[in-house]
Amino acid sequence: MVKSGGRKPPAFYFAVRKSSPVCYLDRVLKYIFRRLVSSLLVLWVATIGVFVMVAYSGDPLFDLKMNPTTSPKTILVREHQLFLDRPLPWRYWHWIDNLFHGNLGLDMSNVAVRPQLFIHMVVTLRMVVLAFVLAVVIAVSLGVLAALRRGGFTDRGITFTTFFFLATPVFVTGLFLKFYVAIPLYRYFGHQIFATTGAASPLASGSFFHRIPDYVAHLTLPTVTLILAVFSSWTIYQRSSILETMNLDHVMLARSKGIKPRRVLMRHILRNALIPVTTVLALDFAGLLGGAVVTETVYSWNGLGRWFLEGASKQDLNITLAYLLFTAVLVIMFNLLADIAYGFLDPRIRYR
Amino acid sequence: MALTVGAIAVPSVSGASGTSVIETLGGTFTGFNNFSSANNSFYLGQVLNQILPSPFYLNNGAKNVLNKDIVKSATSDTVNGRQVVTYVINPKAVWSDGVQITADDFIYMFHASSGDPQYTDVDGSAFDVAGTSGYEQIASVVGSTPNPTVTTSVVKGKTKTTVSVTKCEAGSNATDNAGLCPNGKTVTVTFQAGKPYPEWQGLFGLLPAHISRAVGWNSGMQDPASAVQNILSAGPYKLSNVDQANSTYTEVKNPRWWGKPGIIDTLVFTNVADTQGIAGLGNGDFQVFQPTTVTRDMLNQALGQPDVAKSVIPAYTFEHLDFNITHNPFMANVNVRKAIALGINRNDIIAATVGQVNAKTKPLNSFMFMANQPGYVDHGAAYVNAGTATGVAAAKNLLNGVPGITYSSSDQKYHVDSTGDPLTFVLQEKGNITRSTEAQIIQGDLKKIGITVTIVVRSNATLPDGNFDMVIFGWAGSPLLSGWVNIYGCTVTNSVCVPNASNYGNFSNAAVSNTMSDANAASSFSAEVSGYQAADTALWNLMPTLPLYQSPTAIFWTGVGGIKNNPTQAGASWNAQVWTRN
């Protein structure tokens, strides 16, 4: 039986464990291998689609051609540098060949894309990972609290709050925090409490530990904004999952046997209720990167999102492909992790 | 508390000694060679304003001013029928690594920017240059008069200083400067016969030849990690740190700068989205904010920040409606184009768009001069009533004389005689709120004169394909006029005047084109201005495009003194060396 409300696992999950742990592990590895192969095929098709779409989305030399002082020779030089004078299949093959050698090519300014991807990834993950962890803790806690106080003031308060933030666009939350929290605090204290732009102060220096106060000042508002953008749906999900689990037979039995409510909650309700939520969280992590694009823009973080947006606006093929490749890999990876986690967390589910 | 930036220790932003100013850039850039088309950007220019030298700079009046820190003099003469420009380099001028600025830096810039295939980059590839204007007309760049050698010796306890004449270095074929006296401190630039360049003052922004030749023009200045080493300074500030993760560029005072030093100790440029600028100023995140596009929202937000000052002026950029005379045969008729110009109320367009940012904005009545540019003459008197009842009547009067179309009073539209269809033009716009508003007003105005307009939104670049009858876009103007021939001019080939590269409306008139070409070859800048004024007058009778208005440029700042808005593409940091902290 599959828990309702969770991500419905594929049919091939269900099998009776008949063999030894070694054999079981072998099945898991085979399953992962099959998924990886199919994922790579999806990824390959995605790269072709993205390549063609970006290549036909506009002229990357448009701005140059619009400049009346640009000589035709210069345009020819640039077309040659960017391989625009080559047929599209050749260009795709060149890109994929470079990819197999760990090279993501050069951007429109002739700067290597791979180091840029890693630099911006670190900036984004700094915010996303922290927001993700805190949002999970908050969502699980509030979900449990709301379920336990079902119908009461607390439940209604939490439900109202979660739906409020669910309906509030990220940029509205971000701007509110800037104009009604950061700036008033700056005026009141006469010095900056929370930074509203950038991931770090340009003038900050010293060791990592010396910079921690600066990082905190820059990280707080974007992280809060991102948390408020994602915790709501997880809270609602957690609440319904708890409520559903609370009414299952084994929980009723545990209660009737006189087991302490706290123990029932922790061992019989929460543990089971977390299973579908865990898979949702795993799947949502990649989606969180998408949400970070808006947060990065609002707080002028030069993370992956802004890097991609600026690259796409310049029709920079290699930057666009690198970003989409990165997010596609993340989505596929976390899908795979969710599937695996589902099987590990629910003892009734096995791979074959 | 002292903060360390690069190798220089400076106090915090508000410190009394060791001050800093953080300025925003509205976008990112990678690569540091602003003379290459791959790297050239307004944002990079902002960063390099106080670093790279040039004989002249554009001040806030958009005038070329001699940069005496770099050249003691720069003169243009005519010798044997050729224009000859002579630069005398300031003997104190050195790059931040101690190497003197010499004729070699001029020679290298000429070779790289000339577009001449005989000169190639370090790897043998063609130089990728942002612009060849002026350089392709140069015949030679030769140095002379190297700095005298000064030797100091101690003889019998007395210090003896000997000054001796330094000979010209031989140069080498490998660096294309053999026999050109590359160590000369006087530079003689000779233009080709019959090809003078009246805008010579805009030439020779310089790179350090000894570095650029070694690392390469096309790819040697791209890596941010090596930018601090490769981007040498010959200005008041030098690049001290590049933080890619935060798109932040830090500059400190150039210890080898020989001129009047900058007042602020540290300049920082960081990438902040336009929409977040005012909040960042209000929160003390930075002190100077120059948006890429100023909006009414920004001005409203600034009103709520009592410490934020602003300057909004008309920039050397203008919005216009371009006519494509080859897409629809009726657009080829000048009276149709004139009728459209008479039907459009440009004041309404301004009121609905840019007027909300700068209430003083007026319709631009020149094709190539900005209203605040020396040489501007208002040639639009015939269109002063455009869009009003008088203008509409005049427009219909013109259209009534156009063969092939007839006015139908039943639907109040002109119809094409051969098909019976309404006279319809496709208006292309980019889809942003300003352009969409402009397109809708134009559509409504032209309906009044009986012309149907179909608006097509194309966010991507499609100008060169010419698939439109009218298109709204902007041109970045310049104090330099020679570029306009590429926009309005044509080149006669096999008795046909073929539109030049940036002439997207395919307008061609050999006489006007010749006027502009002759102006480009004028012996002086004032003669060039006169030539372009004549071309401007002629264009109003041919109406290849309808100028709408000058776009504004704005700077917002807090806690900084000395900021002066510059209408050119120089950017706010053009005079950062005189900025102060309040």
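## Where the chains meet

Two residues are in contact if their C-beta atoms, placed from the backbone, lie within 7 Å. In this predicted model, 51 residues of chain B are in contact with 47 residues of chain A. Several elements of chain B give two or more residues to the side that touches chain A. The strands are E1 (2–5), E3 (20–25), E13 (248–253) and E14 (266–271). The helices are H5 (277–282) and H11 (484–488).

What classes of residue make up this side of chain B? There are 31 polar residues, 17 nonpolar residues and three charged residues.

## Chain A: helices

Chain A has twelve helices and zero strands. Its pattern along the sequence is α-α-α-α-α-α-α-α-α-α-α-α. The chain has 352 residues, and 35% of them count as buried. Take the contacts in chain A with a separation of 6 or more: residues 24 or more positions apart account for 72% of them.

## A loop in chain A

The cut-off for buried is 20 or more.

A:Leu106 touches A:Val111, A:Ala112, A:Val113 and A:Asn318, leaving aside residues up to four places away in sequence. A:Leu106 and A:Asp316 are 210 residues apart in sequence. In space, C-alpha to C-alpha, they are 9.4 Å apart. A:Asn110 is not a glycine, yet its phi is positive, about 70°.

## Chain B: overall form

Chain B has 13 helices and 26 strands. The C-alpha trace of chain B spans about 110 × 60 × 40 Å along its principal axes. A compact globule of 582 residues would have a radius of gyration near 25 Å; chain B has 27 Å, which agrees.

Buried residues make up 51% of the 582 residues in chain B. Among its contacts between residues at least 6 apart in sequence, 66% join residues at least 24 apart.

## A four-stranded sheet

Chain B holds an open sheet of four strands. The order is E6-E7-E11-E8, and the pairing is antiparallel. Which strands stand at the edges? They are E6 (71–79) and E8 (138–146) of chain B. Each has a single partner strand, so one side of each is left without a neighbour in the sheet. On average, neighbouring strands of this sheet are turned by 15° against each other, direction ignored.

Eight bridges join E6(B) to strand E7 (residues 82–89) of chain B. In this pair, B:Ser73 stands opposite B:Val88 in E7(B). Helix H2 (residues 103–113) of chain B packs on the sheet. H2 touches E8 and strand E11 (184–191) of chain B. The direction of H2 makes about 170° with that of E8(B).

Strand E8 of chain B also contains B:Thr145. Phi of B:Thr145 is near 50°, a positive value in a residue other than glycine. B:Thr145 has 19 C-beta neighbours inside 10 Å, so it counts as partly exposed.

## A hairpin in chain B

Strand E22 (residues 490–493) and strand E23 (residues 496–499) of chain B run antiparallel, joined by four bridges. B:Thr493 stands opposite B:Val496 in E23(B). E22(B) and E23(B) form a hairpin with two residues between them. In the turn, B:Asn494 has a positive phi of about 50°.

## Nonpolar cores

The largest nonpolar core has 145 residues. Those with the most contacts inside it come from chain A and chain B. Among them are A:Ala135, A:Val230, A:Trp234, B:Phe106 and B:Met109. Helix H5 (residues 113–148) of chain A gives the largest share of this core, 14 residues.

What does A:Val230 touch, not counting residues up to four places away in sequence? Its contacts are A:Ala135, A:Asp284, A:Leu288 and A:Gly291.

How values were computed
Residues are numbered from 1 along each chain as its sequence is written. Chains are lettered from A and ligands numbered from 1 in the order in which they are written. This is a predicted model: local features need pLDDT of at least 70, side-chain atom pairs count only at pLDDT 80 or more; totals for chains, interfaces and linings use all residues. A nonpolar core is a set of buried Ala, Val, Leu, Ile, Met, Phe, Trp, Tyr and Cys residues joined through C-beta atoms within 7 Å. A residue is buried if 20 or more other C-beta atoms lie within 10 Å of its own, exposed if 12 or fewer, and partly exposed in between; C-beta atoms are placed from the backbone. Ala, Val, Leu, Ile, Met, Phe, Trp, Tyr, Cys and Pro count as nonpolar, Asp, Glu, Lys and Arg as charged, and the others, Gly among them, as polar. Two strands pair if DSSP finds at least two bridges between them. Axes are lines fitted to C-alpha atoms, for helices over the stretch in contact, and angles run from 0 to 180 degrees between N-to-C directions. The radius of gyration is taken over C-alpha atoms; the globule rule is 2.2 Å times the number of residues to the power 0.38.
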